[in-house]
Amino acid sequence: MLALFLRDIRLSIRAGGGALTGVIFFLAVIATIPFGVGPDLNLLARIGPAILWIGALLACLLGLDRLFQADREDGSLDLLVLGDDRQMLALTVLTKCLAHWAGSVLPLVIAAPLLGLFMNMEPIGIGATALTLLVGTPAITFIGAAGAAVAVALPRGGLLISVLVLPLTIPVLIFGVSASYGAVANPDPFLQPFLILAALTLFLAVLGPVAAALALRHGAD
Amino acid sequence: MRLIAENLGGERGGETIFSGIGFALEKGQALIVTGPNGAGKSTLLRVVAGLLPVAAGRLLVEGGGEDFPSVASACHYLGHQNAMKTALSVAENLRFWRDFLGADFLSAEKALETVGLDGIGHLPFGYLSTGQRRRAAIAKLLVSRRPLWLLDEPTAGLDKASEERFARLMTQHCGEGGIIIAATHLPLGLEGAQALVMGEAV
């Protein structure tokens with residue numbers, strides 16, 4: 001499993017891996033918002049956490065279609081599925097998800113505080129948003145894995161995956177954003193939505209890989 | 001161990017590709033599957049490997065022991081694609097499969113030497129020619145110990161010398177008690193192998 005994790009991390013940072021694609025997309029989205037909204041600093045600060053979250057969510061979805069498709073194209077996926085007896089397929093999927101998260105999504109979380117400055121956010125708000133992103137984005141990857149497994153055989157599955165996955169990620173978005181607001185706006189709580197966000201991630205860490213493994217097993221042709 | 005198929009049928013997308021295939025392979029035996037394009041050779045291999053469901057009949061493996069209770073756990077599947085990442089070096093690819101597949105056999109360097117690719121383990125897999133890629137994929141069969149080899153057109157793209165080297169490898173594998181099922185159009189140079197011709201009855 002460690003070998004698989006290391007291999008996928010290596011692939012994501014080598015040529016054509018696309019680790020930077022998500023970050024650049026994220027940067028482009030966030031950098032455009034202030035121009036569109038105008039120089040109203042209070043408004044920017046107010047919508048900042050939500051914009052960061054939406055940007056990160058869309059950037060997460062961007063690379064998901066390659067999660068299994070790259071392995072399918074070169075035949076590795078067959079061998080990963082056949083290895084089910086030794087390495088449970090759901091665990092294999094979980095490992096791939098974690099590697100994908102560490103390779104493509106973690107850079108987004110790291111870039112988020114910097115982009116928060118663009119949105120005129122307070123330091124505590126930036127910190128809270130980065131923390132909620134850190135806890136919440138794995139959930140998006142786990143849901144996305146199930147979508148990617150369903151659409152693995154489709155040549156242009158990227159858009160389909162986004163459409164399939166986006167509605168399911170809405171709860172993650174809602175609790176992520178409300179926890180981020182809770183840190184800055186006084187009457188709103190931070191801890192409760194944050195804990196629900198953490199619970200969502202843990203729940204989906206089990207459900208997503210199991211669903212994806214099932215889809216991969218029956219999708220082989 | 002023994003691999004037995006009785007009245008095996010396979011389908012793809014709801015359409016029956018073949019039916020009534022039967023064979024029994026003891027350890028040390030090989031089966032060469034031939035037939036025209038579209039006869040279902042690859043489908044048969046995928047059904048045997050467990051990548052496609054068995055549509056009819058049954059398929060069982062006996063005497064695999066604890067290590068190899070099912071066909072999937074006992075087999076190396078070498079498909080049309082080489083299952084190697086072009087961005088990683090040849091040795092990195094082999095080392096990954098060695099770790100992932102378990103049941104270590106030869107080291108990556110030793111396996112490359114066996115297929116005559118020593119000295120290029122550091123090159124990215126994407127730099128290799130078609131024949132070299134195939135040989136690297138054959139080296140993948142050697143990094144992990146599996147009694148059953150399922151080979152789909154294993155010698156596609158190989159030159160004469162590599163074909164002979166691969167024939168020796170297969171003979172050696174059978175000599176050690178392994179089982180081989182190979183789908184091919186080219187003679188593999190494997191002596192004493194059973195033959196199965198598909199697509200004749202249709």
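**A tour of chains A and B**

Start where the chains meet: 22 residues of chain B are in contact with 22 residues of chain A. Keep in mind as you go that this is a predicted model. Select the side of chain B that touches chain A, and look for α2 (71–74) and α3 (90–101) of chain B, the elements that give two or more residues to it. The biggest share comes from α3(B), with 4 residues.

Beyond its neighbours within four places in sequence, L150(B) is in contact with L45(B), V48(B), A49(B), C75(B), H76(B), Y77(B), L78(B) and I181(B). L150(B) also belongs to the largest nonpolar core, which has 125 residues; together with A56(A), A49(B) and A139(B), it touches the most other members. To see the element that gives the most to this core, select helix α7 (residues 123–150) of chain A, which supplies 14 residues.

Now move along chain A to helix α8, residues 157–184. How far apart are its end C-alpha atoms? They are 39 Å apart, which agrees with the 40 Å that 28 residues should span at 1.5 Å a residue. Zoom in on L166(A), where α8(A) has a kink of about 45°, shortly before the proline P167(A).

Finally, bring in the record. An unreviewed UniProt entry annotates several stretches of chain A as "transmembrane region", including 124–152 and 159–182. Residues 124–152 of chain A are 93% helix, with end C-alpha atoms 41 Å apart. Residues 159–182 of chain A are 100% helix, and there the end C-alpha atoms are 33 Å apart.

Note on methods
Residues numbered from 1 in each chain as written. Chains lettered and ligands numbered in written order. Predicted model: local features only at pLDDT ≥ 70, side-chain atom pairs only at ≥ 80, totals over all residues. Expected span 1.5 Å × (residues − 1). Bend = angle between axes of the 7 residues up to and from the residue. Core = buried A, V, L, I, M, F, W, Y, C linked by C-beta atoms within 7 Å. Buried ≥ 20, exposed ≤ 12 C-beta atoms within 10 Å, placed from the backbone. Contact = placed C-beta atoms within 7 Å. UniProt positions renumbered as here; feature names shortened; annotations may be inferred.
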